[in-house]
Amino acid sequence: MAVSREYLDYILDQLAGIPGLSSRAMFGGAGIYSDGRMFALVTDDCLYLKADTKNLPIFEAEGARPLTYRRSGKTVSLSYFLVPDEILEDDVRLKDWAWLAISAARRKPVKREKS
């Protein structure tokens, strides 16, 4: 689960103009944020966007697949979906998809630390 600096820079360039755009290394990959809300994950030089019940049909209609991993002999799916190449290479469409993912991230409640 690694990400090259070149690929991450490419993704950030494609997403330029998204408010509060930032990235942070995590688990060998990188999380991508808008105003502090993680809406994308980059791993193995692939971009995954946050999905929920509202944007999932749009992602699936274009052939996006969930990010999965194996744990205890079972496949676990995360709520992040692989961006197809034709979307990734079109910065306008990619930004549209990013806004769908940002909206999904905003709908998810933020976990607060107990004091």
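Biologist: In this predicted model, is Glu-62 buried, partly exposed or exposed?
Modeller: Buried means under 20% relative accessible area, and exposed means over 50%. Glu-62 has 33% relative accessibility, so the label is partly exposed.

Biologist: Which residue meets the side chain of Glu-62 in a salt bridge?
Modeller: Glu-62 lies in the loop between helix 2 and strand 5. Its partner lies in helix 4, so the pair ties together parts that are 31 residues apart in sequence. The N to O distance is 3.5 Å, and the partner is Arg-93.

Biologist: How many residues apart are Asp-52 and Arg-107?
Modeller: Asp-52 forms a salt bridge with Arg-107, with the closest N and O atoms 2.7 Å apart. Asp-52 sits in the loop between strand 4 and helix 2, while Arg-107 belongs to helix 4. The pair links distant parts of the chain, and the separation is 55 residues.

Biologist: What separates Arg-5 and Asp-9 along helix 1?
Modeller: Their side chains meet in a salt bridge at 2.8 Å, N to O. Both residues are in helix 1, 4 residues apart, so the separation is about one helical turn.

Biologist: Is Gln-14 buried or exposed?
Modeller: Gln-14 lies in helix 1. Among its contacts are Leu-88, Asp-91 and Leu-94. The cut-off for buried is under 20%. Gln-14 has 10% relative accessibility, so the label is buried.

Biologist: What is the phi of Ser-72?
Modeller: Most residues other than glycine have a negative phi. Ser-72 is not a glycine, yet its phi is positive. Ser-72 lies in the loop between strand 5 and strand 6. Its phi is about 50°.

Note on methods
Residues numbered from 1 in each chain as written. Predicted model: local features only at pLDDT ≥ 70, side-chain atom pairs only at ≥ 80, totals over all residues. Heavy atoms only, no water. Helix = DSSP H or I, 4+ residues; strand = E, 2+ residues; numbered from the N terminus. Buried < 20%, exposed > 50% of the residue type's maximum accessible area, 1.4 Å probe, protein only. Contact = heavy atoms within 4.5 Å. Salt bridge = Lys/Arg side-chain N within 4 Å of Asp/Glu carboxyl O. Lists of a residue's contacts leave out its neighbours within four places in sequence.
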